[in-house]
Amino acid sequence: MSEPPRTRPRLSATFTPDVMAEIRRAAATGIYDIRGAGAKRKLPHFDDLLFLGASMSRYPLEGYRERCDTQVVMGARFAENPITLKTPITIAGMSFGSLSGQAKEALGRGATLAGTTTTTGDGGMTDEERGHSQTLVYQYLPSRYGMNPVDLRRADAIEIVIGQGAKPGGGGMLLGQKITDRVAGMRNLPPGIDQRSACRHPDWTGPDDLAIKIEELREITDWRTPIYVKVGASRPYYDTALAAKAGADVVVLDGMQGGTAATQDVFIENVGLPILAAIRPAVEALQDLGLHRTVQLVVSGGIRSGADVAKALALGADAVAIGTAALIALGDNDPAYEDEYRALGTTAGAYDDWHEGNDPAGITTQRPELASRLDPVLGGRRLANYLAVMTLEAQTIARACGKSHLHNLEPEDLVALTIEAAAMARVPLAGTDWVPGRGF
Amino acid sequence: MPLVNLRETTLRDLNRSLHALPPDTNETHWTVRHPDGRHAVAAGLDRAIAVEIEGHVGYYCAGMNALAQVVVHGNAGVGVAENMMSGRVHVRGDASQAAGATAHGGLLVIDGNAAARCGISMKGVDIVVKGSVGHMSAFMAQSGTLTVLGDAGEALGDSLYEARLYVRGAVTSLGADCIEKAMRDEHRAELAEKLAAAGLAGEVDPAEFRRYGSARRLYHFTVDNAGAY
């Protein structure tokens, strides 16, 4: 007699193989997982939006012949020397220290070719990146590593960093293996030790103090330099309103898909908002203050293509910033290095141990033999190509919607594929006139 | 001897005038009247000039100072001499929070007391406080010296790196990874030098001070230190 049928082995939807592997890893090591990059979980994103395009009621523009402008002026609210971007795609803040000198140079070269800005990071400004970046945004961070008035005055804009999308409310830690003598010297710390970056600014707290801090930076730079305020997406309506009220020229809003050099995985995946959910509240805050288009809004976190750019702008942003995508354009996670990724226990496309300094692509490292793999001239060209493609893609979509400037894109050009995205972006669910949360 | 009355001249005009001075200027001694608690007075100076401010100032007086000698004949608000690079800032009265925050160099002298977080994240500056300092002073202090003739509040030197702290009075408590260290001859000599720079040579005995510094246990992240972070 045959055995009775048995219940088939059943895997848990809660305790998945990945979850169980992480439990075992935590039990074996006693330490949480630290990694680079941004949120990897599936999130409502720009993929969940579609443009409607022109039809009977909208008149399209001719591709390649009729103008679709892309220029954006940043910082004209209070600064005597605002910045003019040729494309509304900027390069987000990334530090020398987390990135190699060659990678920083490549970002500067690529941004300069494209007519856009690149941004320093937590660690100060190097002569190389200043020299290779026609317009450079200088970050003013809680750690104040490398902060000095000479670099402040040679910056084209100052970005006061309150937080970033990967870790709103969190500081940082650059592990000792990336602290070379030069990195340590720029940060006034001994080489080889783990460098903690504070999560709060040392000399001000809250929006009223921020207004005074902005006034000080304007006084030091004689009111010439635009001042940005960067926040991680968490309470975008209030954060944007408070930054604008404090006197910012530009607000930078970074969603949870935005990358970091090194943060706890639990932080990256569980704190903050996806950028799709943050743009409309931020735009609404500026509109309520009568400052939309006067205070520019830069959004970031998972921008990959011209379609993403166009969607962000249609929701009301003035510009976007890219970080992870720019590194990929330089060669990050390139399958050409698959053998080396495997030797590190990972695979091309998944490599995120940026804090360990062993990047085969020579980008997130301070090891000379790895960093020298990245040709900064070629890298800059690749980044410029990528920025050009994204700009052309955004223009293609804008023309199809009948817009003569990317800024003329509007929420009415969009619909959402999911109820979640419709609610977050405050556009109708495709095929309906229903915007969740806005009644029936 | 320019004299600027901030009831008649805007702060912006004052700071622009100070920033516009050529390196070989003859206008090397400025007096500022009626600051009335304004913020960012004499911020961003980078010439070897003297600026005397006759009254109380608000936040960030002499912020990012380089080369200049600034005297505040009154009290100073939050962040006096924040991120100073060089030169000398002297507060005749008391200073609020975060005095000398993140400063890289130069000398900050406070005749009265300094509130919380004095010398927070300092990066090479020398600070001499003739009175007492508040809680969390020298938090994450990286380098330089903090000398306190009076007492220090709670959590002195929390998470500090290589800064050296000299306190003559009582310390309410030490922060994470901050320990008392032996005063050796080189420390007494260093302290005597800082006291002399602050105009206290012969008035204060370095032997009365105790030295505090980093135990360096938090320099490399390990899970066993998690409770201290």
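A residue counts as buried if 20 or more other C-beta atoms lie within 10 Å of its own, as exposed if 12 or fewer do, and as partly exposed in between, with C-beta atoms placed from the backbone. This is a predicted model, so to speak of local features takes pLDDT of at least 70 and side-chain atom pairs count only at pLDDT 80 or more, while totals for chains, interfaces and linings use all residues. Residues are numbered from 1 along each chain as its sequence is written, and chains are lettered from A and ligands numbered from 1 in the order in which they are written.

**View 1. Here is B:Lys181, a residue of strand β10 (residues 178-181) of chain B.** Strands (E, at least two residues) and helices (H or I, at least four) are DSSP runs, numbered from the N terminus. B:Lys181 is partly exposed because it has 15 C-beta neighbours inside 10 Å. Leaving out residues up to four places away in sequence, B:Lys181 touches B:Arg211, B:Tyr212 and B:Gly213; contact means C-beta atoms, placed from the backbone, within 7 Å. Between the C-alpha atoms of B:Lys181 and B:Ala201, 20 residues apart along the chain, the separation is 24 Å.

**View 2. Now meet the side of chain A that touches chain B.** In this pairing, 23 residues of chain A are in contact with 38 residues of chain B. Helix α6 (residues 206-220) of chain A gives the most to that side of chain A, with 5 residues. By class, the side has 12 nonpolar, 4 polar and 7 charged residues, where Ala, Val, Leu, Ile, Met, Phe, Trp, Tyr, Cys and Pro are nonpolar, Asp, Glu, Lys and Arg charged, and the others, Gly among them, polar.

Technical notes
Two residues are in contact if their C-beta atoms, placed from the backbone, lie within 7 Å.
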